Amino acid sequence: MHHSVHQAPEMPHMHSPSVQEQQIDSALVAGVLAGQRRALAKTITLIESTRSDHRQRADAVLEHLMPHAGQSIRVGISGAPGVGKSTFIEALGMDLIGMGHRVAVLAIDPSSSLTGGSILGDKTRMELLSQRMEAFIRPSPARGALGGVAQQTREAMLVCEAAGFDVIIIETVGVGQSEIAAAGMTDVFVVLQLPNAGDDLQAIKKGILELADMVVYNKADIDARAADLACGQMRSALHMLRPVSKHWSVPVLQTSALSRTGIKAVWDAVLAHQAKMREVGEFDAKRQRQALSWMWALVEQGLKAQFQANAAVAQTLNATLERVANGSLSPTTAASYLLGCLQKSKTD
Ligand code: GDP
């Protein structure tokens, strides 16, 4: 096809992929399905792009990959910095490869979206695992708010599944919102703890324990007695929380990621959890719930973007905000007035 050079540039939202882009994208799809790492990495880069034409191409690629996604165990792993997440994931990952699995490790690092720095992202982590063909490790997408980061991670997970990775580990760091995002896209959520009371209190306060399908005390090698004590206290604390599922009582386990002990017991617990959830029908129900709430989150995001981009709203917004701030207009009236502006400009 021949394009005139004088053609006006297309508006970003009207972009339709060129023939060349379409060829690149079908090669990406084929490459991902063949398990090629380059295609996998490139597809995730496309997903993480902020350009709207890239977004459209990413959507098309994802649409083709979706039928091949979903066939993995999705494991969320959370814990404060220094608890031993990367050491643990490396040990678990190497064990899983030994069992014939292919393991993808993705991260949700809220610090990178807040400060541009990152807690999880540095390259020296998981040195053994990162050299293995059976593993794929991707740091957290850095751009944008947590919502965007979570969406990109979720999509990257689907791409990894389509590429044949059958265990997906979503790693996150113990600061609340990112835990909720990680738990919201995984089948089983593992909380790593240190054997000291301060860590327990933090997890309880931040509501992380309420998301936990299992709690693992790492660094149990340092002080076995402290680890036993912490486990006992955690078991009683968990009794006071509402269970995530009435069919599952949260195991409290001990590991030493450094000396690689207790790792298999954690994996066995993951498998037991999955078997139980499948047996009682909660496995599929949870995935359906997750897919639906993801869709609603995107709908809300889209509506908000429409609202913010709307000319009629923009015209009156500042004045309205001021009147709400100085008390001359109630928030309720103001909200329905603004929504009315949006509505009216659409039907005009
Ligand atoms: P992350 O920040 O949660 O990813 O923690 P790292 O995996 O980077 O571990 C932080 C430090 O703790 C490193 O120096 C590890 O070698 C050490 N570490 C990790 N797991 C263990 C463990 O089970 N026992 C001991 N003694 N040290 C550990």
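Let's start with salt bridges (a side-chain nitrogen of Lys or Arg within 4 Å of a carboxyl oxygen of Asp or Glu): a search of the whole structure turns up 12. The model you have open is predicted, so local features need pLDDT of at least 70 and side-chain atom pairs count only at pLDDT 80 or more, while totals for chains, interfaces and linings use all residues. Residues are numbered from 1 along each chain as its sequence is written, and side-chain values use heavy atoms, with hydrogens and water left out.

**Stop one.** Select D25 and R57, a salt bridge whose closest N and O atoms are 2.9 Å apart. D25 sits in helix α1 (residues 19-33) and R57 in helix α3 (residues 52-65), so this pair ties together parts 32 residues apart in sequence. Helices here are DSSP runs of H or I, at least four residues, and strands are runs of E, at least two, numbered from the N terminus. Both residues are buried, meaning under 20% relative accessible area with a 1.4 Å probe, protein chains only; exposed is over 50%, and partly exposed is in between.

**Stop two.** Now pick R138 and E48, another salt bridge (3.2 Å, N to O). R138 is in strand β3 (residues 135-138) and E48 in helix α2 (residues 37-48), 90 residues apart. R138 and E48 are both buried.

**Stop three.** Finally, click on the ligand. Which atom of T87 lies 2.5 Å from a ligand oxygen? A polar side-chain atom.

Methods: A polar contact is a pair of N or O atoms within 3.5 Å; within protein, one must be able to donate a hydrogen and the other to accept it, and residues adjacent in sequence count only if both atoms are side-chain atoms.
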